[in-house]
Amino acid sequence: DKFIERGGIYDWKTKKSFPEKLTLSGYVGSGKTTLGKLLAKKLQYNFISIGNRTREFAGNKGMTIVEFQKYCLANPEMDKQLDQDFSKVCNSSENLVIDYRLGFKFIKNSYHIFLRISETAAIERLKTANRAKESYDTINQRNESFKNQFLNSYGVDYTMPKNYDLVIDVERFNNAEEIIEHILHEIG
């Protein structure tokens, strides 16, 4: 898609270098955090996650993550403030693997990856990860909430493949290590 957007022209003068930042986006349960931590360790980069910060923020407000997402949908300024603060931290650092659904929009000088997974497979992964409170309904609700939240706040659909340098169907792989090797091969 990006090749076509450039009119089918490849600029041979540009030297391909390994990105100083990688962002991981994707559906709930696609493995963003697990893959992010493993990828960061392999690359000797730091790992940072907006999900962890958001869960912490929601907990401090006495809300579940689903309740907080609904709150942000009704109060886009809260969402924008979290994004502004998080992207500022990410953009002022190097050698990062970033778990951030909107990384493609806010993180400069980065290689953007989207992880796809079916809701059925996501449920199984989350149960294995001791997140037993997740169900088909909560996963579906969270995926739709994220999509609506970002459409409402920024007018972007984070699930569109055109926003990413690489889109991965994680169910095609046997384990996280295979996905990491695929990512590294694609980045080259």
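**Notebook: aromatic cluster, sheet and buried residues**

I began with the rings: Tyr27, Phe104, Phe114, Phe146, Phe150, Tyr158 and Tyr164 form one aromatic cluster. The model is predicted, so I noted the limits: local features need pLDDT of at least 70, side-chain atom pairs count only at pLDDT 80 or more, and totals for chains, interfaces and linings use all residues. Residues are numbered from 1 along each chain as its sequence is written, and side-chain values use heavy atoms, with hydrogens and water left out.

**Rings**

I searched the whole structure for aromatic pairs and got eleven. Rings of Phe, Tyr and Trp (its six-membered ring) pair if their centres lie within 6.5 Å; planes under 30 degrees apart are stacked, over 60 edge-to-face, and the rest tilted. I looked up Phe106 and Tyr154: the ring centres are 5.1 Å apart and the planes stand at 75 degrees, so this pair is edge-to-face. Phe106 sits in helix α6 (residues 103–106) and Tyr154 in helix α8 (residues 136–154), so the pair ties together parts 48 residues apart in sequence. Helices (H or I, at least four residues) and strands (E, at least two) are DSSP runs, numbered from the N terminus.

Next I checked charges over rings (NZ of Lys or CZ of Arg within 6 Å of the ring centre and within 35 degrees of the ring normal). Arg101 lies over the face of Phe146, at 3.8 Å from the ring centre. Lys105 lies over the face of Phe106, at 5.6 Å from the ring centre.

**Phe150**

Phe150 belongs to helix α8. I find Phe150 buried, at 5% relative accessible area. Buried means under 20%, exposed over 50%, and partly exposed in between (1.4 Å probe, protein chains only). Leaving aside neighbours within four places in sequence, Phe150 contacts Asp79, Arg101, Leu102, Gly155, Val156 and Tyr158. Contact means heavy atoms within 4.5 Å. Phe150 and Asp79 are 71 residues apart in sequence, yet 8.7 Å apart in space, C-alpha to C-alpha.

**Sheet**

I then traced the open sheet: five strands in the order β2-β3-β1-β4-β5, with parallel pairing. The edge strands are β2 (46–49) and β5, each pairing on one side only. Two strands pair if DSSP finds at least two bridges between them. Four bridges join β2 to strand β3 (residues 96–99) in the parallel sense. Ile48 stands opposite Ile98 in β3.

Phe114, one of the cluster residues, stands opposite Val167 in β5.

Asn163 lies in the loop between α8 and β5. Asn163 is buried, at 16% relative accessible area. The Asn163 side chain reaches the backbone oxygen of Asp157 at 3.0 Å. Beyond four places in sequence, Asn163 contacts Phe104, His112, Asp157 and Tyr158.

Last, I looked up Thr54 in helix α3 (residues 50–60). Thr54 is buried too, at 15% relative accessible area. Not counting residues up to four places away in sequence, Thr54 touches Ile65 and Phe68.

Technical notes. Polar contact = N/O pair within 3.5 Å; in protein donor to acceptor, adjacent residues only side chain to side chain.
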